[in-house]
Amino acid sequence: MFNIVQRRRTYFIFSALVIGLGIATMLYSLVTTGDLFPLGVDFRSGTRFELQFTEPVSENEVRDVFTEFGINNPAIIALRGENLQNAWQIRTEFVSPEESQAITAALDGQVAPLVPDTTLVQSVSPSVGAEVTRAAFIAVLVAAVIILVYIMFAFRQVPNSFRYGACAVAAMLHDLFIIFGFAAITGIVLGWEVDALFLTAALTVAGFSLQDTIVVFDRIRENIARRPQERYETIVNRSILETIHRSLATQLNAMFVMVAILLFGGASIKPFIAVLLVGLFSGTYSSIFTAVPLLVAWEKNEIPFLKT
Amino acid sequence: MKRRDFIWLAIIILLVAGAGWLAQNPDYPIRQGLDLQGGLQVLLEADLPPEAEITRDQMDTSRQIIDQRVNALGVTEPLVQVEGERRILVELPGIDNPEDAVELIQETALLEFVDTGTQPLPEGMCVRTTLNQGPSRCELAPGQTVTETITTAAPTFETILTGADLRTAQSEPDGFGGYFVSFALQPDAAETFAEYTSTHVGQFLTIVLDKQVISSPQINSAIEGGAGTITGDFSLEEARRLALQLRFGSLPIPFSIASTRQIGATLGELSIEASIRAGTIGVAVVLLFMFIYYRLPGLLANVALIIYALLNFAIFKGLAVTLTLPAITGFLLSTGMAVDANILVFERMKEELRKGSSLRESIATGFNRAWSSIRDSNIATLVICFILWTFGRNFGASAVQGFALTLAIGVMISMFTAVVVTRTFVNVILGRAAHWISARKWLLGI
């Protein structure tokens, strides 16, 4: 039988390196910009443009001009109503008055002529309050504690049921740290910003991670009851191998949808889908290579601070 | 066919028919949020002379109060921003009564109890108070602005208490078809109120909203305990609106509407179209994968999945769930879980078949053994949903709330479709032709 849990030290070191890289990038970002990752206009003050073209233009033509100026995630919204033909509103990160003049000039030249005297450039405050972000953060923490208790209850027939809860929550935090690091790195390399949708992505990843881990744990629970004479490590390893088909099939299905949106989808949700893709991949990885090996390490008394 | 399978099949057909009827019924529109469909944009401007100084603090407080009022309306994911130095930008997704909503958020809602001595005032009269002297919008003819001069000044009275002294407020029926607003005062305000009413028995304490008289009751006796009511011929809507405005406090400065207009989807219509097309391709690949990898059972699971989507769609319409991108993500995650549940069952079935069990036995074992992991992981997800929903509701984070709601609905339906519906189909079709299929293992993907 192929032994997965034997090489657990390698997985732990690998995870630590990836998460460490993410944390280092976040700290670098914190020192240079004052935020852990580049925050989008939802969380920061920004600029609102209002423009009217003399002829119909497409969303992507407008987006291209903003991208040329290094603005990666403009929210481009069509305005409708009387005297608002071909009028658009664009929300961006904060741009200086000089830069905004250059942008409107470029739009006028490259996309279509602007209607004179209709252009409006205004600074706007953040739309997602700090209290909302804090609420989501606290919600995840509370959820983690309650899930820990729930898993302890669901696995009460197996010895040390507390460990199952703790390891599932550890794997969930592992996945959240992976996407935080991913956000920080893509922020520096690609200029992606963390917006309100990132919050949704983080919640989705947390939910998926837990679901995936519980499926593997469920098989361990079943095998412990059926094979009382077998060693714990063997049972655990057998459980991973028995569920690996299902893990791969589920992971593949999730990837089909997300890769399709990444390849052919609209520009406005690509960063969101990319975070989901990385997070869901990490969710499957962490069930097999973090949560379960952690259980074995705990059983074998290998975890510092928890040695008895 | 077993009796149980027959009953389930009948229930499934009835449910699908019901959902199909709801899905095509135009009386239940599908609601979409600002990000997918756009909505109404309202620009509010401080209604003060240009030279008047407006602090950053006043604008931030106003933003917060307007945000709370909009959220209390049950609007999903509105956007409220301060723009520049004296304007607030509000964006509301498609709602039933945009005019009412705009009126609600724009009203200053400054409540005052004023001492009018021995004189009751008629309802609707404009007054001035010692709180912030000078003319108010109440005295203006429609279209006039505060900066213009007013010829006949309204009388000025002394303010005893304001809406800021209120702890809570709510609307209640008076038993005669009308409604009133009951309120409770903060402890120290309650003392002031008791002291004032005990020394002014027989006089009139007039209740004024935005400098306009609502009612002018006589003080019959000292009012202890700080609870009271505001009566004034309210309809249910009016009483509710007043209670809501009082609960979240008055705006520190008056606002007027600078402009209102329709806006398109904030995620960009072109982007959304492309994403929907791409998502459809992705789902098609998933269905194809399930069919190729699991063959006949996969095909049945695909039918169950389509039923799952139809039931979800019907419930979104029936409960008037507002669909936003976070809400759709919640739905997609639950779809993933529905597919996962089938995969769990089928992998288990294959395992049993490889061990040499008969087809009938493998089907039964597959569903029985997979059930504990489907149950435990789905309950864990529902627990998370409940926590996220509660937090989202209490902190006005409607994106989080929407995500949790659609995820929870999806998980509950998926437990039904992925287990009951798929099992019924598998039992009815594979069970009847067990012999024939057992001889053709490729139909089962082995």
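Predicted model: local features only at pLDDT ≥ 70, side-chain atom pairs only at ≥ 80, totals over all residues.
**Where the chains meet**

Start with the contact between the chains. Chain A gives 61 residues to it, and chain B gives 62 residues. Several elements of chain A supply two or more residues each to the side that touches chain B. They are the helices α2, α4 (130-154), α6 (196-226) and α7 (232-264), together with the strands β2 (75-80) and β4 (120-124). By class, this side of chain A holds 37 nonpolar, 18 polar and six charged residues.

One strand of chain A also pairs across the contact. Two bridges link β2(A) to strand β13 of chain B, residues 255-263, and the two strands run antiparallel. In this pairing Leu79(A) sits opposite Ile263(B).

**A hairpin in chain A**

Strand β2(A) has a partner within its own chain too. Four bridges tie β2(A) to strand β3, residues 87-93 of chain A, in the antiparallel sense. Ile76(A) has Ile90(A) in β3(A) as its bridge partner. The two strands make a hairpin, with six residues between them. In the turn, Gly81(A) has a positive phi of about 140°.

The table sets out their geometry.

| Helix pair | Axes come within | Crossing angle | Source |
|---|---|---|---|
| α2(A) and α3(A) | 10 Å | roughly 140° | |
| α6(A) and α7(A) | 9 Å | roughly 135° | |

Take α2(A) and α3(A), which cover residues 59-68 and 97-110. Their crossing angle of roughly 140° makes α2(A) oblique to α3(A). The crossing is right-handed. On the α2(A) side, the residues in contact are Val62(A), Val65(A), Phe66(A) and Glu68(A). They meet Ile103(A), Ala106(A), Leu107(A) and Gln110(A) of α3(A). This contact counts six nonpolar residues, one polar and one charged.

Helix α3(A) also holds Glu99(A). Is Glu99(A) buried, exposed or partly exposed? It has 16 C-beta neighbours inside 10 Å, so it counts as partly exposed. Glu99(A) and Leu114(A) are 15 residues apart in sequence. In space, their C-alpha atoms are 17 Å apart.

Now turn to α6(A) and α7(A). Their axes cross at roughly 135°, and these helices are therefore oblique to each other. Their crossing is right-handed. The contact residues of α6(A) include Asp212(A), Val215(A), Val216(A) and Arg219(A). Those of α7(A) include Ile235(A), Val236(A), Arg238(A) and Ser239(A). By class, the residues of this contact are seven nonpolar, four polar and five charged.

**A five-stranded sheet in chain B**

Chain B has an open sheet of five strands. Their order is β6-β7-β5-β10-β11, and the pairing is mixed. Which strands stand at the edges? They are β6 (128-129) and β11 (212-215) of chain B. Each has a single partner strand, so one side of each has no neighbour in the sheet.

Strand β5(B), residues 111-115, pairs with strand β10(B), residues 205-209. Five bridges join them, and they run antiparallel. Here Glu112(B) has Val208(B) in β10(B) as its bridge partner.

In a regular strand, side chains alternate between the two faces of the sheet.

**A three-stranded sheet in chain B**

Another open sheet in chain B has three strands, in the order β8-β9-β12. Its pairing is antiparallel. The edge strands are β8 (166-173) and β12 (227-234) of chain B. Each has a single partner, so one side of each is left without a neighbour in the sheet. Neighbouring strands of this sheet are turned by 20° against each other on average, with direction ignored.

Seven bridges join β8(B) to strand β9(B), residues 179-185, in the antiparallel sense. In this pairing Pro173(B) stands opposite Tyr179(B) in β9(B). A helix packs on this sheet: α6 of chain B, residues 236-248. This helix touches β8, β9 and β12 of chain B. The direction of α6(B) makes about 170° with that of β8(B).

Methods
Residues numbered from 1 in each chain as written. Chains lettered and ligands numbered in written order. Pairing = 2+ DSSP bridges. Axes fitted to C-alpha atoms, helices over the stretch in contact; angles between N-to-C directions. Parallel < 35°, antiparallel > 145°, perpendicular 65-115°, else oblique. Left-handed = near helix turned anticlockwise from the far one by under 90°. Contact = placed C-beta atoms within 7 Å. Nonpolar A, V, L, I, M, F, W, Y, C, P; charged D, E, K, R; others polar. Buried ≥ 20, exposed ≤ 12 C-beta atoms within 10 Å, placed from the backbone.
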